[in-house]
Amino acid sequence: MSVLIQNGTIVNADSTVKADLLIEHAIIKEIRPGISSSAAETVVDATGLLLLPGGIDAHTHLDMPFGGTNSADDFLTGTRAAAIGGTTTIVDFAIQARGTKMRTALDTWWKKAEGKACIDYGLHMIVTDLPDAGLEDMNDLVREGVASFKLFMAYPGVLMVDDATIFKALRQTAKNGALICMHAENGSVIDVIVQQALAEGKTAPIYHALTRPTKAEAEAVHRAIAMAEMAGVPVYIVHLSSEDALNQVREARDRGLPAFAETCPQYLLLSLEDVADKGWDGAKYVFTPPLRERRNQPKLWDGLRKDNLQVVSTDHCPFCFEDQKALGKDDFTKIPNGGPGIENRLQLLHHHGVGLGNLTLNRFVELVSTAPARIFGMYPKKGVLAAGSDADIVLWDPAAEHTISAATHHMRVDYSMFEGFHVRGNARDVYSRGELIVSKGGFIGKPGRGNYLRREARGGAWK
Ligand code: URP
Ligand code: ZN
Ligand code: ZN
């Protein structure tokens, strides 16, 4: 099977060229101007369109158990929505149940994806306990392509682990090359503040945000980086939300440490001020870390420009407002934490980044595709348009107009965090390993066609 895409503009993290692109057997065969139409069975005209490497969302939670329910999108509905938005690879999180082997969780998550995944997917492993035998368990997972592990400094009694566990896991990555991803918030301190709020009768959704100070995030980021420095390994901070936390990453990077961090569209585009007077509707924005004061947003954009933040992912973790967020109607601590966004990441970052002059087009590509491919062991198979790479290609119409709404989105959730946001720029057609899976914005791929990705453990590829 061969496809020739002619007359488009090929955008990579380090270059923008007008050229033709030839796909053969799922792989990019050649990129150059003037490839003859006779070279392929199918010829596509991409005049006026950009060709981007397929988006990589390195932080999603599909079909994830949390707070007595499961996130609303499974591997079918979540990856289908991702594809429609121009994402061709996700890295989701499997969760080790306490007292069990991580291997069991890996099998469970493979089953969740089986017959459903519409795009390729990798898995991080969430570590909830790590006896000495668990260190060998980590190595076993690395051999299975699980090149990264997430540990929590928050959610005491549920997912939080102590510093000894974090330090042991970090030290193990010096041996196996995996990357530790940290949910960095001081969960013990936050718990004290939360208990006091509840005792004072403060049960509304807004108290989720008001009980999680940015200092609790910054302290944990500092501690995570300090432990990684002592272990002599890189560390990756997930869903960084505030200037205070960013300052810790910047200070470490200025000292030459391999500290990496991601942020998410919600922290760049939504603020505490936006939700302060929403009452119960504020439950739609209960995720962790919470929304921050608006003044943090320009600092995060600056972090993206200056490479103190390397990745934009979604932390997609949808819960329906009607019947899932409602679990916390009388107590904000019982609202399942998470929000939807897997479909809208490229649209939002293109419009608010490239369109409004906050990012160059090349940096946009780097943040949504190339950097996550490099950091999480998928490059150059993924994350770049180059001969020999998987033909994961988005035909992006930079002039397409779209208004984001729950009425038209494809995620299985009854609200949008970005309801009414108008964006310019959208995915028109999407190829995954050379197969057209989205045509003119509609999904035409087959559920279950997505492959599990065995990622290489390269310690964040920082050396
Ligand atoms: O609120 C969030 N972020 N839910 C998903 C779990 C996590 O901490 O990433
Ligand atoms: Zn987290
Ligand atoms: Zn998450």
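The model is predicted, so local features need pLDDT of at least 70 and side-chain atom pairs count only at pLDDT 80 or more, while totals for chains, interfaces and linings use all residues. Residues are numbered from 1 along each chain as its sequence is written, chains are lettered from A and ligands numbered from 1 in the order in which they are written, and side-chain values use heavy atoms, with hydrogens and water left out.

Donors are N, O and S atoms within 2.8 Å of the metal (3.2 Å for Na, K and Ca), and because water is not among the atoms, sites may look incomplete. His-61 lies in the loop between strand S6 (55–60) and strand S7 (65–66), and Asp-315 in the loop between strand S15 (311–312) and helix H12 (345–355), so the pair ties together parts that are 254 residues apart in sequence. Helices (H or I, at least four residues) and strands (E, at least two) are DSSP runs, numbered from the N terminus.

The zinc ion (ligand 2), which is 3.9 Å from the zinc ion (ligand 3), is coordinated by Lys-150 (NZ), His-183 (ND1) and His-239 (NE2) at 2.1 to 2.3 Å. Lys-150 lies in strand S11 (residues 148–152) and His-239 in the loop between strand S13 (235–237) and helix H8 (243–254), so this pair ties together parts that are 89 residues apart in sequence. Lys-150 counts as buried at 1% relative accessibility, and His-239 counts as buried at 1% as well.

Ligand 1 is surrounded by 13 residues, and the closest are Lys-150, His-183, Thr-288, Asp-315 and Asn-337; a residue is counted here if one of its heavy atoms lies within 4 Å. A polar side-chain atom of Asp-315 lies 2.6 Å from a nitrogen atom of ligand 1, while a backbone N or O atom of Thr-288 lies 2.8 Å from an oxygen atom of ligand 1. Taken alone, ligand 1 exposes 260 Å², of which the protein buries 99%, with accessible areas coming from the Shrake-Rupley method with a 1.4 Å probe, where for residues only the protein chains shown count as cover.

How values were computed
Buried means under 20% relative accessible area, exposed over 50%, partly exposed in between (1.4 Å probe, protein chains only). A polar contact is a pair of N or O atoms within 3.5 Å; within protein, one must be able to donate a hydrogen and the other to accept it, and residues adjacent in sequence count only if both atoms are side-chain atoms.
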